[in-house]
Amino acid sequence: MTPALDDLGSLDLTKWIRAGDRLLWSQGNAEPLTLIEQLIAQRSQLGPLDVFLTLSFGNHLQKEHGDTLRFQGLGGLGANSRLSRLGVLDVHPMQLSQFCQDIHTGRFPIDVAFVQLAGPDSEGNYSAGLDHTYTDDLVTRARAVIAEVNTNAPLTRGTRTIRADELDAVVRTDRPIHPAPSAAPDEVDRRIARHVADFVPKRATLEVGIGTLPSCVLDALQHHRDLGIHTGMVTKPMLDLMESGAVTNSYKSSDAGRTTGSSLAFDPSLDIGQYPVLFRPSRQALSAGVLAGQRRMTAINAAVEVDLSGQVNAEYVPGGYVGGVGGLLDFVRGARASDGGRSVIAIRSRTSRGRPRIVPALAGGVVTVPRSDADIVVTEWGAVELARASLAERARRLISIAHPEDRENLTAAWRDQE
Ligand SMILES: CC(=O)SCCNC(=O)CCNC(=O)[C@H](O)C(C)(C)COP(=O)(O)OP(=O)(O)OC[C@H]1O[C@@H](n2cnc3c(N)ncnc32)[C@H](O)[C@@H]1OP(=O)(O)O
């Protein structure tokens, strides 16, 4: 029988957490902030703990919490980049599919899980709400599962619901959901989006990464028809395309008629129950066979930088991690293995500080996508295809879409490398 803890005052984490434990919690909009605050408050009573971080939108963790909490994680995704730049985040470079599979099998053991849930439904069961990425794996595998049920989290259709007797403790809250950061697209983003849209074939199944650029790409697909979506995070622009008829999911090879995702970007104006969306754990959604089996799987993702041979860094900038492997390599390889599929890496040619993003050598030598997996690279200056091109041809093509003021330096650097 699950203890009902109606207010946080009755929650004493020392009942469930032991010194040396590894903790993992729901990610993105689903971070259980009440439980995290309680962990921070009680940390000195709990002893040293490994806190494993995935995607975070809030700045709740501070360097000084490192007195007891050892921060580890998949990278500098979202707000975790701050911890990396402060030098207190130990990164595990893992593909998201493998990470979730390893939690599921117990090869990457999690002792204590904090999960944000929605519900209960009319039968008394809970939904993973905004994040199905690894919630099922945590509930199945962790020694202790503590749930924060948020009345603002929507009930979402997953592959299963969570029974009350699978939870060790439940805290209820009506605190607002922490929003994802958002930035308005500018003309450069729109130019990139138009180039990307040219590579989206009829009846393609799309994966679109998160961030300003990918949202802008979705806006550029308004005149397409009968597209499908099989992605990581489901966002409002995707649901808008479902309403307009650009996305029908009719030609998908699996989950036909439904958009497939693993998490939902929270938007208080959305009634997600009205849309045919199925949320699957990432270990299923990112499985190589499922992605390769999709019709014209088209993966569209951002990156930090691309080198002249087509290697992609989506993780690291001088000074720390700002991204991670995430589902990027899973989607790139799945798209390339799919019949008629394409992988598009879309980047602005320079950062906001004028640093080139097409470079002779990647920062810190960090390769997220090997050059043998390169397909299409797009900037605001155009799009080039790298698959089946020689190294010399790749360099020539990539220099042609670099910022015009960087092309001479890049050409000289390439000659030096030859
Ligand atoms: C479930 C799934 O995972 S689905 C698949 C999608 N997931 C992935 O692709 C995982 C890997 N990708 C990512 O993490 C992200 O897409 C990123 C990091 C590559 C890009 O994310 P964005 O939000 O567009 O990053 P953005 O371009 O704003 O860069 C983030 C920071 O790095 C800096 N930066 C970016 N590129 C560079 C560069 N080449 N040199 C120096 N700094 C750079 C930016 O200036 C910015 O810094 P700031 O926060 O101080 O302003």
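Which residue in strand 17 is the bridge partner of Glu305? The bridge partner is Asn313.

This is a predicted model, in which local features need pLDDT of at least 70 and side-chain atom pairs count only at pLDDT 80 or more, while totals for chains, interfaces and linings use all residues. Residues are numbered from 1 along each chain as its sequence is written, and side-chain values use heavy atoms, without hydrogens and water.

Helices (H or I, at least four residues) and strands (E, at least two) are DSSP runs, numbered from the N terminus. Two strands pair if DSSP finds at least two bridges between them. Strand 16 and strand 17 run antiparallel and are joined by 2 bridges. They belong to an open sheet of 3 strands with the order 17-16-21 and mixed pairing. Its edge strands, each pairing on one side only, are strand 17 and strand 21.

| Strand | Residues |
|---|---|
| Strand 16 | 305-307 |
| Strand 17 | 312-313 |
| Strand 21 | 358-359 |

Helix 5 (residues 187-197) packs against helix 6 at an angle of about 55 degrees, and their axes (lines fitted to C-alpha atoms over the stretch in contact, with angles from 0 to 180 degrees between N-to-C directions) are 8 Å apart. Helix 5 is therefore oblique to helix 6, since angles under 35 degrees count as roughly parallel, over 145 as roughly antiparallel, 65 to 115 as roughly perpendicular and the rest as oblique. In contact (heavy atoms within 4.5 Å) are Asp189, Arg190, Ile192, Ala193 and Val196 of helix 5 with Thr212, Leu213, Cys216 and Val217 of helix 6.

Just after helix 7, Gly245 has a positive phi of about 95 degrees.
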